[in-house]
Amino acid sequence: MDWKDTPEQAAFRSEVSTLIDTRLPTRYRELAARGAMPERAWENDRKSDMPDEVAAAVDWHAALAERHWVAPHWPTEYGGGGLTAMEQFIFNQEMAESGAPGVGGSGLSMLGPTLIVHGSDEQKEKYLPPILDGNVTWAQGYSEPGSGSDLASLTTRAVRDGDDFIINGQKIWTSAAHTADAMFALVRTDPDAPKHRGISFVMIDDIKTPGITVRPLININGDHYFNEVFFEDVRIPATNLVGELNRGWYVGMTLLDFERSNIGGAVAARRQLRSLIGHIKANQQGAAERITPELRREIVDRWVETETLYQFSFRIISMQSAGLVPNYEASTAKLFASELSQRLAHTATKVFGLHAQHWADAEPASRFTRNYIAMVPATIRGGTSEVQRNVIATRGLGLPRA
Ligand SMILES: Cc1cc2nc3c(=O)[nH]c(=O)nc-3n(C[C@H](O)[C@H](O)[C@H](O)COP(=O)(O)OP(=O)(O)OC[C@H]3O[C@@H](n4cnc5c(N)ncnc54)[C@H](O)[C@@H]3O)c2cc1C
């Protein structure tokens, strides 16, 4: 199935692509062309020592801000784009096609929507504008060493002391905590209540608050992407509680009505496969000579799967456009997309044979090799494959819980 835009959708698509064509900074254009855009490029550039990287982050943010597209999914009354799910889909598709980086990080995607639903008027007034302006970025402090899939078992404690909470404990896998200015977190405020009922959602305005230690975790790719964060008697004002005390589990699970099709993943998979086929056709690094009948079939399988992923995206956006909330359907798409990204990267390394050992940027194979490594966490973050399968089994197929 091919998606046909209505005239209004086509006009909106053209608006988005014109903005990208005319305003995407050269740095991002070049990185995208090489397929080398780092994750969280905007967040890293914003805090970079290199003036041209900072300038790229500032210029791209300003270009999006002019159209209110920094937060396409936020309502307009809070400075967002107020886009419908379908408009967000088109926006995300065009961004992915061009390889343009998003701006804003977890503050935009998670904290903002949470505050819009659960925050007090004072909290909205204080915290939303700096997220939109790109002046304050936030890290997400949910996971702990003993609590990932079973997040509700978290043990980081917050104890009320006068007008403050005092926090002790540890978070882990905290993406971009080393570049973030602030952090929102789930903490245990009632250890005697059933596990989902004794958790609160709090904001830590300054990640450099005394008592917080951020330690890097270097991933298999050699990148500093996530961190461990330790809390030792960290004091935050009690007014930084979002929503009700001990109801943080439900606050933390808030999703504003933003599109969940992962069209960006589908576009990225198609781009990669097309690029791989281009290398084979050009016989780069002897790629064509390595195509055995088995490998040929494998590439065709990847093609079919990549197109299937598009259909998953279309299914979800169709549901959202009809006012339905995707549930196990989103788990199905996440599971399929993440496992496909690993299969695709594996197929690419076979195409390049021994050249796939190259790491240097100049080698065509290296991009695929780096991707092979970079895709390892795809089946862990945002809910592991096993957890997605449990959701599909129970909510989708109605099977009893194991
Ligand atoms: C790149 C990356 C970025 C991340 N960024 C953040 C971040 O910014 N903030 C944050 O808070 N967290 C972040 N995380 C953490 C992420 O949310 C957790 O890794 C994830 O929820 C899994 O938890 P875990 O690592 O503790 O694994 P565990 O939950 O310990 O799971 C270990 C294994 O057991 C399996 N398993 C667990 N429970 C079940 C079950 N019920 N049935 C079947 N199998 C099961 C899992 O599938 C997995 O294979 C990030 C993770 C990654 C990889």
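Modeller: A residue is near a molecule or strand if one of its heavy atoms lies within 4 Å of it. The model is predicted, so to speak of a local feature here needs pLDDT of at least 70 and a side-chain atom pair needs pLDDT 80 or more, while totals for chains, interfaces and linings use all residues. Residues are numbered from 1 along each chain as its sequence is written, and side-chain values use heavy atoms, with hydrogens and water left out.

Biologist: Which residues around the ligand come nearest?

Modeller: There are 16 residues around the ligand, and those that come nearest are Ser-143, Ser-149, Ser-175, Thr-384 and Glu-386. By type, the shell divides into six nonpolar, eight polar and two charged residues. Here Ala, Val, Leu, Ile, Met, Phe, Trp, Tyr, Cys and Pro count as nonpolar, Asp, Glu, Lys and Arg as charged, and the others, Gly among them, as polar.

Biologist: Which side-chain N or O atom is 2.5 Å from an oxygen atom of the ligand?

Modeller: Look for a polar contact (a pair of N or O atoms within 3.5 Å; within protein, one must be able to donate a hydrogen and the other to accept it, and residues adjacent in sequence count only if both atoms are side-chain atoms). Backbone atoms can take part: a polar backbone atom of Gln-140 is 2.7 Å from a nitrogen atom of the ligand. For Trp-173, a backbone N or O atom lies 2.9 Å from a ligand nitrogen. The side-chain atom you ask about belongs to Glu-386, 2.5 Å from an oxygen atom of the ligand.

Biologist: How much of the ligand does the protein bury?

Modeller: The ligand taken alone exposes 970 Å², and the protein buries 66% of that. Such areas come from the Shrake-Rupley method with a 1.4 Å probe; for residues, only the protein chains shown count as cover.

Biologist: Which elements give two or more residues to the shell around the ligand?

Modeller: Those elements are β7 (224–237) and α13 (385–396). Helices (H or I, at least four residues) and strands (E, at least two) are DSSP runs, numbered from the N terminus.

Biologist: Between which domains does the ligand lie?

Modeller: Domain 2 (138–252) and domain 3 (263–396) both give residues to the shell, so the ligand lies between them. The bounds come from an automatic or database domain assignment.

Biologist: How many salt bridges does the structure hold?

Modeller: A salt bridge is a side-chain nitrogen of Lys or Arg within 4 Å of a carboxyl oxygen of Asp or Glu. The structure holds 21 of them. One of these joins Asp-150 to Lys-195, with the closest N and O atoms 2.9 Å apart. Asp-150 lies in the loop between β1 (138–141) and β2 (157–161), and Lys-195 in the loop between β4 (182–188) and β5 (199–204), so the pair ties together parts that are 45 residues apart in sequence.

Biologist: Is Arg-302 buried or exposed?

Modeller: Buried means under 20% relative accessible area, exposed over 50%, and partly exposed in between (1.4 Å probe, protein chains only). Arg-302 is buried, at 8%. Its salt-bridge partner is Glu-298, with the closest N and O atoms 3.8 Å apart, and Glu-298 is buried too, at 16%. Arg-302 and Glu-298 are four residues apart in helix α10 (residues 293–321), a separation of about one helical turn.

Biologist: Which residues do salt bridges that share partners join into one network?

Modeller: They are Glu-298, Arg-302, Glu-305, Arg-343 and Lys-350.
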